[in-house]
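This report looks at selected secondary-structure elements and side-chain pairs. Please keep the sequence and the model in view while reading.

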Amino acid sequence: MKSSIALNQENLKRLSPNIKVPSYNRNDVKTSIVHIGVGNFHRSHEAYYTHQLMERFGVLDCGICGVGLLDYDRRIYNILKDQDGLYTLVIKELDGTLNPTVIGSIVEYIFAPENPIAVIEKMADPDIKIISLTITEGGYNLNEGTGEFDFSNPVIVEDMKNPMSPRTVFGYLTQALKLRMHRGVGGVTIQSCDNIQGNGNVARKALLNYVEKAEPGLLQWIEDNVSFPNAMVDRITPVTVAEDIARLQEEFLLEDQWPVVCEPFIQWVIEDDFAAGRPAWEKVGAQFVDNVVPFENMKLRLLNAGHTVLGMLGALHGYKTIDEAARDEDFCEFLKGFMDREVSPTLGDLGDIDLEKYKASLIERFRNVHIKDLVARICLESSAKIPIFLLPTIRAQLKSHQNITRAAFVVAAWCKYNDGKDENGNTYPIEDAMSNELIRAAALSHHEPIRFLQIEPVFGDLVNNKTFVEAFLSSLEMLRSKKVKECVRELNSKLK
Ligand code: CS2
């Protein structure tokens, strides 16, 4: 039996012909993008688009320098160092075939806790035209209830005190932009790639709030020289599991310590507002538009919230993966009702987009048995996701006096989810920056159900809306007295 080969630059030429490898000379790649947060999503999305541009069009001036800010990032840093920045992206086709490509667009990586100055200098380098971010929904440090920047966050307090050894993205950006200003290096684009409505506007607001207190002399320069394009990003990218690593080794004789698997679907719709130019990502499928709002609304309220629906109901029932939940006919009927009756009316004018086709494609994507996206991944950090994915639908429907029964039921399911136990008695951890508060509120809600809606940073003033509160209370009562599947069946037939 042939032995497997470790992934690194030197070994690329020895790999099986079934694996696509970079044919461009990586030594000729010039870095012009710094990316903060090299997680699986960045590796299946922006780094993939950029690699395609290098591979298919020979555009080599858009190399990526990855940056890890958190201790957690040490692992990816070590692995990328070991593998010369290379990793395998395994697209799982709809028929289950694996389609592996070695991605070469990440040509540098800096682990910030070890070398904060190197990160600041890199972001201030005149060659850097874009600083892109995947720092998660919660990473923007805004109170979801009030929309205000959270200055009480202890790491933010630390960064204000020690500006030269920052820990947050805001501390780093402030120092780097200050250097750019003093050195006359010119503007840069800060490009959010997170699942947030108006992600560019949110990045801008969060940064300006921080700078206003930390470095007010920099505000005007940012206004004049930095752009923050909004974008919709999409590709379902599950957590890599041991089996993914093993299959690559067994079927392709490739040893990659941390490959990424993903679905074939990919989409990136970007507002064309780049202060210092940009790669021609449109050549490899990205769409540049004047207004991304309709695309963002559609994606966040249907795909991401659809995930939340399946994740929460699925978790209570005991399903482990999203495809299992989506293949459950009762849950799927509920999901379709949620999309058609409660979300679609809030989406407004979508121009040329075929909404029915989009929704049908989502069901297909959720049902893809090969992706094995974990319910646990969908449910983690819900306190940052639900206010973005689900509550805007509730707010919009309430405003136009329309139905919110299913959406409120999902909020109630989330409350019950925080009891930490499914209906078979299996326990699971609540992985959430607000886990203490959520667990406490869920516990209190057994006697006083409204307590859950009093989590102000999540629900804000929704707790004062009578219609919403009633819908939530009756759903929670139902969920606490019967199994989730029974409740869903009842609602499906009642709401037909
Ligand atoms: C998911 C997203 O985290 C979540 O809850 O809905 O990660 C989703 O898979 C991506 O946004 C797909 O583009």
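What follows treats a strand, a helix and several salt bridges in turn.

This is a predicted model, in which local features need pLDDT of at least 70 and side-chain atom pairs count only at pLDDT 80 or more, while totals for chains, interfaces and linings use all residues. Residues are numbered from 1 along each chain as its sequence is written, and side-chain values use heavy atoms, with hydrogens and water left out.

Helices (H or I, at least four residues) and strands (E, at least two) are DSSP runs, numbered from the N terminus. Buried means under 20% relative accessible area, exposed over 50%, and partly exposed in between (1.4 Å probe, protein chains only).

Six of the six residues of strand β3 (residues 63–68) are buried, so the strand is largely enclosed by the rest of the structure. Strands pair if DSSP finds at least two bridges between them; β3 pairs in the parallel sense over five bridges with β2 (residues 31–36), and in the parallel sense over five bridges with β6 (residues 106–111).

For helix α7 (residues 199–214), the buried residues include Val 202, Ala 206 and Tyr 210.

A salt bridge is a side-chain nitrogen of Lys or Arg within 4 Å of a carboxyl oxygen of Asp or Glu, and by this rule the count comes to 29. Three of these pairs are listed below.

| Pair | N to O distance |
|---|---|
| Glu 215 and Lys 178 | 3.4 Å |
| Lys 359 and Asp 340 | 2.8 Å |
| Lys 466 and Glu 470 | 3.6 Å |

Lys 359 is buried, with a relative accessible area of 6%, whereas Asp 340 is partly exposed at 38%.
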